[in-house]
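Please read them with the model open beside you.

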Amino acid sequence: MRAFLVVMDSVGIGGAPDAAEYFNDGLPDTGANTLLHIAEACAEGRAEQGRSGPLRLPVLDSLGLGRACALAGGTLPPGLGAEPTGLWGAATETSRGKDTPSGHWELAGVPVPWDWHYFPDEQPAFPRDLMAEVARLAGTEGTLANCHGSGTVMLDQYGAEHIRTGWPICYTSADSVFQIAAHEEHFGLDRLLALCEAVAPLVHEMKVGRVIARPFVGEGPFTRTGNRHDYAIRPPQPILTNWVQEAGHPVHAVGKLGDILSMEGIDHLHKGDDATLMDHLGRLVDEAEDGSLIFANFVEFDSLFGHRRDVSGYARALEWFDEGLGHILPRLQEGDILVITADHGNDPTWPGTDHTRERVPVLVAGRGAGSIGQIGFADVAASVAAHLKVESDTCGKSFL
């Protein structure tokens, strides 16, 4: 008996009741629907780069993905109308945010009890005393950027000056984050990670969710490397991973869960790009210990395609994930469950480049078929805990 909890990062399904309170490029998220709008674009021939035709997700749809989308937002996506063979429903977030930590904490049983701090979209974006301390910790005379911006744009604008001066590039986004980019060779990867670790407590006191180290290489053009590291604020109380670990069961984190959850309750880390993560997930389906929790995050839907508003790329990623899932599901052992969900939306057809406030699907293999209806994010944690027969401390209720 094991539990696999898999987050398709940013695969929202619309219908958030408070979407009008969240914005992209000055416009409310009302009507955003990541899955529906991708499916519509595919059906209309508007997502033909590297793929073609209607969106094909036979495995996810057989678990109830199309029905979950219709439940959340009122519209069945084109081509996704299979009769579900799994449990299916739509989850609504209560935390005041549409960011990665908020979604994952609440899926793990703990809604965020405060409002996150967001830096203003102006230049300078950061307080003067904070930047003075960052420069002191970095051992430099100053810092670069001090604004909102895309990571690749920041490298284009400030990469050469960073190499010349040695000053770290500091920027933010619509999320509650403080990001520091530095060259792995000219500045040093270990030095960048040490700097971010030292800065993290300062911004966590401000209720900023994460400090993100953004290392890069090259002499122009510049390329970000896979050595990114997130220094996230700790959840305010024990979460699902803690409950399982304290009950004596192993906890595996696949993807960036170690960063998101500040390593709370995690025994084993399995990292890499999404293709590598699918291999890790398949191996753990075959090898993970009885009673274990495997908590996975597939981030590239969000990082490579949602923020970049790449509809074709997002559709390709969904179809790739669906194919991989098809190889894994038949290998689940008797007594296992596999729960598939998301943490927020990131509609690639929407204005701006930020996440979108949406409900998310909840699909369950291994516990029969049927609708679980409209639930809360925290109900996912309560249900996984109930399946593993461990005590939970959450506002959520099990749907199993």
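Predicted model: local features only at pLDDT ≥ 70, side-chain atom pairs only at ≥ 80, totals over all residues.

1. The protein chain exposes about 14900 Å² of accessible area, a value that comes from the Shrake-Rupley method with a 1.4 Å probe, where for residues only the protein chains shown count as cover.

2. Residues are numbered from 1 along each chain as its sequence is written, and side-chain values use heavy atoms, with hydrogens and water left out.

3. The protein chain has 13 helices and 16 strands, which are DSSP runs numbered from the N terminus (helices are H or I with at least four residues, strands are E with at least two). Along its principal axes the C-alpha trace spans about 60 × 50 × 35 Å. Among contacts (heavy atoms within 4.5 Å) between residues at least 6 apart in sequence, 67% join residues at least 24 apart.

4. On charge, the protein chain carries 29 positive and 55 negative side chains, and the centres of the two sets lie 1 Å apart. Here Lys and Arg count as positive and Asp and Glu as negative, whereas His and the chain ends are not counted; the place of a charge is taken as NZ of Lys, CZ of Arg, CG of Asp or CD of Glu.

5. There are 17 salt bridges, each being a side-chain nitrogen of Lys or Arg within 4 Å of a carboxyl oxygen of Asp or Glu. One of them joins D29 and K98, at 2.6 Å from N to O. D29 lies in the loop between β3 (27-28) and α1 (34-43) and K98 in the loop between β4 (87-92) and α4 (100-107), so the pair ties together parts that are 69 residues apart in sequence. D29 is buried at 0% relative accessibility, and K98 is buried too, at 7%.

6. R210 and D230 also meet in a salt bridge, at 3.0 Å from N to O. Because R210 lies in strand β8 (residues 210-217) and D230 in strand β10 (residues 229-232), this pair ties together parts that are 20 residues apart in sequence. A network of salt bridges links D175, R210, R228 and D230.

Definitions and conventions. Buried < 20%, exposed > 50% of the residue type's maximum accessible area, 1.4 Å probe, protein only.
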